[in-house]
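Welcome, and please take a moment to look over the model shown here.

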Amino acid sequence: TSLGQSLAAHHAIKKRRVCVYDYDDPSFAPQVIKEFRTSIEQDDAINDDDDPALNTTRPSRCMVPSNSIKEFATIISTPRKIIIFGTHDDDKKFDDIWNELRVNLTRGDMVLRWGEEEGSMMTHPSDQNNLQFYTESIVGNLSKLQAEPLGIGLLEMVKLEQDRAAIIRESDIQDTFVVGGPEDAYNQLSLYVSPFALIGHVGSSAACAHYARMVQRAVEFGMAQCLAEGCDLLKKAALYENQDVGRTLTKWQEGGMISSYLVEISSKIYYKRDGITKKGHVIDHIVDSIDLNGSDTWFSLEATKLGVPAPTITAALEARFLSNMKEERVDASSILGAPEGADTPSVMKDQISEDLQGAIYSAWTCVVAEGLSIFVAAAEVGQWEVNLVECLRLWNLPASFLNSDMLDKMYSAL
């Protein structure tokens, strides 16, 4: 892939020898090498200073092609460090590559399956989140059945959810990945990966990477639901207008206990006028319904299976179920409306604002605690070694929907 080419070129320029092989079209790798050498040889000539001894470490000679997987494995020095691109959504392709590759590997070698790449097309468009349940991880299964007995480290990168708009807007923000697999192999491979992605090792099995993303999404849903209910109370109990809610969220964001990326982007939407209807605010025209897919239920199913309570996150999931019953809710509202003349509770607006902030903070704490508790319980069953501190660090990076002062404090505490 283009990312694989960029990574190979980067390390060749750093005078690290790399071997390139294209599984789909073996003739493509020599073309890539030729273009790279043409572009870099002029710089080589300038920097060599007529010293023949430097010819062996010229960057233009540090990238070499191969015509087969067997040749590829032969060229690479041991312990081999191999990164496979372009298979994150194609298990069959990865399995085919692995079956050819593993017979040419030796003890101590390490193989990393790169995660989702920018601009890649999903093999299964119906799965909009491109998620995989951890028990179905082909890397995890192959590692247990084939790689570990051979003394080979097999790892997987899984891309965490981030705000794509923020990554595009801020050029210094990178995609974030969690990595699962043997830690010693991760430590050696991270040197080659880190220039192109923010990564962190979250557990001893590839399944841990998938689990970390599943928990991240569940925590994200839970925190978003808590904030949404808080905003709804401001409007219905304190009779706030949209701008009032926006100002309150801005106040919470500027030094409040729930200062976070979610609060920041939520505060902006309450101010935004609707440019299509020219009536009211955008928030009033957003359909209060969300489609669901199977992956949205994974966390609650895991909680039930493991016997670990997760009431806050489960309630958030049920709210999503309820939102999806749009027609039923509309029909019911015509029959079960609020009684006429019902008194709105008398509340002090400043007081309810502070009380709600404290309530949301408490609920957010419960959401994160539930997520980590499920991860710990699953690790005991799967006999994984997991790094919860690293999970918190990665979930809290810029452009993450979980980025917050609260996670900062939890990370520091752990």
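## A walk through the model

The largest cavity is lined by A218, F221, D296, F299, S300, I313, A316 and L317. This is a predicted model, in which local features need pLDDT of at least 70, side-chain atom pairs count only at pLDDT 80 or more, and totals for chains, interfaces and linings use all residues. Residues are numbered from 1 along each chain as its sequence is written, and side-chain values use heavy atoms, with hydrogens and water left out.

Rolling a probe the size of a water molecule over the atoms shows where empty space is left. Here the work is done on a 1 Å grid over the protein atoms alone: a cavity is a set of points where a 1.4 Å probe fits but cannot get out, while a pocket is an open set with protein on both sides within 12 Å along at least five of seven lines, and lining residues have an atom within 4 Å of a point. Grid points are joined across faces, edges and corners, and a volume is the space filled by probe spheres set on the points.

The structure holds 3 cavities of 30 Å³ or more. Helices (H or I, at least four residues) and strands (E, at least two) are DSSP runs, numbered from the N terminus. Helices α8, α11 (298-306) and α12 each supply at least two residues of the largest cavity's lining, and α12 gives the most, with 3 residues. In the second largest cavity, the lining residues are M214, R217, A218, F221, S295, D296 and F299. Here α8 provides the largest share, 4 residues.

Now for the open spaces. Of the 31 residues that line the largest pocket, A224, Q225, A228, I283 and D288 are the closest to its centre. At least two lining residues come from each of α8 (206-236), α10 (261-269) and α12 (311-323), and α8 has the largest share, with 12 residues.

The second largest pocket has 36 lining residues, of which C19, V20, Y21, F72 and I83 are the closest to its centre. Elements that give two or more residues to this lining include α1 (2-13), β1 (18-20), α3 (69-75) and α4 (91-102). Helix α1 gives the most, with 5 residues.

The table sets out the volumes and the classes of lining residues; Ala, Val, Leu, Ile, Met, Phe, Trp, Tyr, Cys and Pro count as nonpolar, Asp, Glu, Lys and Arg as charged, and the others, Gly among them, as polar.

| Space | Volume | Lining residues by class |
|---|---|---|
| Largest pocket | about 1,500 Å³ | 18 nonpolar, 4 polar, 9 charged |
| Second largest pocket | about 940 Å³ | 24 nonpolar, 6 polar, 6 charged |
| Largest cavity | about 60 Å³ | 6 nonpolar, 1 polar, 1 charged |
| Second largest cavity | about 40 Å³ | 4 nonpolar, 1 polar, 2 charged |

Next comes the sheet. Strands of a sheet pair through backbone hydrogen bonds, either parallel or antiparallel.

Two spots in the backbone deserve a look. Most residues other than glycine have a negative phi, and most peptide bonds are trans. T78 and P79 are joined by a cis peptide bond, with omega about -5 degrees, and P79 lies in the loop between α3 and β3. Q383, a residue other than glycine, has a positive phi near 55 degrees and is found in the loop between α14 (349-382) and α15.

How confident is the prediction, and where is confidence lowest and highest? The pLDDT is the predictor's confidence in each residue, from 0 to 100. The chain has a mean pLDDT of 87, and 90% of its residues reach 70 or more. Confidence is lowest in helix α2 (residues 28-48), at a mean of 72, and highest in helix α15 (residues 388-395), at 97. Over residues 48-55 the pLDDT is below 50, and this stretch has 5 contacts (heavy atoms within 4.5 Å) beyond near neighbours in sequence. Where pLDDT is low, the predicted coordinates should not be read in detail.
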